[in-house]
Amino acid sequence: MLMTSTVSRLPPSSTTPPILCSAQRTCSPSNFTRTTIRRITRIPPSSVITSASLSSSDNDRTVTFASPSATTPTPATSKEGIGCEMESASDVVRRFYGGINGHDLASVEDLIAEDCVYEDLIFPRPFVGRKAILEFFKKFIDSISMDLQFVIDDISVEDSIAVGVTWHLEWKGKPFPFSKGCSFYRLQVVNGRRQIIYGRDSVEPAIKPGETALVAIRGVAWLLKQFPQLADWL
């Protein structure tokens, strides 16, 4: 419609001049058919008019169209677009570990949802709510030196709401004994930001029973099979 309206506004003249098409071919009025107009007006939405000139003699009428430059930033790559992008789930979890390593609970607070549930499997009960979780981590960082740091070994990045992490602890850059662990985090979007709504930590045990654990599991399974009512105690 842009080209059609441009052509229709051209001033009348005693002799209808030739019209310069976008391919620089001269089209006489008799050959300037509906098909020709349709072809010219099918300009990609991203095209822009770079120049429009009309000579005083009315003999040359030229409208030049061009596609946007390859360097023109799109919303996804412009500064405004970056500012509006939501932080990825894996980046939220990385910042969570960074805050704990830096003993900076203020930076961690906004990463935890108000009703988050956090399970550390060496404790008998989960920590429920942001306040309880922050109190737990305050006790944790108050009991250790900043020389002891979490180091992420691997982290999943594909999912936008669930993140798995394997990690270990290091003391001044050296592996700390019995400190390997894995964690799972589920996130939700709150006010346009991702926050941790659930977390679970499983830490390497200091005492490793080995095959004895299999014997214990087999014994418990046998008892449950013989006495199903014992399952109510679990």
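1. A salt bridge here is a side-chain nitrogen of Lys or Arg within 4 Å of a carboxyl oxygen of Asp or Glu. Glu-204 and Lys-208 meet that definition, at 2.3 Å from N to O. Glu-204 is buried, with 18% relative accessibility. Lys-208 is exposed, at 52%.

2. Keep in mind that this is a predicted model. The protein chain has an average pLDDT of 75, and 64% of the residues score at least 70. Residues 1-83 stay under 50 in pLDDT. For that stretch the model has 65 contacts beyond four places in sequence.

3. The whole structure holds 5 salt bridges. One of them pairs Glu-114 with Arg-130, with the closest N and O atoms 3.1 Å apart. This pair links distant parts of the chain: Glu-114 sits in strand 5 and Arg-130 in helix 6 (residues 130-142), 16 residues apart. Glu-114 is exposed at 54% relative accessible area. Arg-130 is buried at 16%.

4. Strand 5 also supplies Glu-119, which forms a salt bridge with Arg-200. The closest N and O atoms are 3.2 Å apart. Arg-200 lies in strand 11 (residues 193-203), and the two partners are 81 residues apart. Arg-200 counts as partly exposed, because its relative accessibility is 40%.

5. Look at the nonpolar surface too. Ile-122, Phe-123 and Val-203 make a nonpolar patch of about 260 Å². Ile-122 is in the loop between strand 5 (112-120) and strand 6 (127-128). Ile-122 counts as exposed because its relative accessibility is 62%, and the cut-off for exposed is over 50%.

Notes
Residues are numbered from 1 along each chain as its sequence is written. This is a predicted model: local features need pLDDT of at least 70, side-chain atom pairs count only at pLDDT 80 or more; totals for chains, interfaces and linings use all residues. Side-chain values use heavy atoms; hydrogens and water are left out. pLDDT is the predictor's confidence in each residue, from 0 to 100. Contact means heavy atoms within 4.5 Å. Patches are made of residues with over 30% relative accessible area and no salt bridge: like charges are joined within 9 Å, nonpolar side chains (Val, Leu, Ile, Met, Phe, Trp, Tyr) within 5 Å. Accessible areas come from the Shrake-Rupley method with a 1.4 Å probe; for residues, only the protein chains shown count as cover. Helices (H or I, at least four residues) and strands (E, at least two) are DSSP runs, numbered from the N terminus. Buried means under 20% relative accessible area, exposed over 50%, partly exposed in between (1.4 Å probe, protein chains only).
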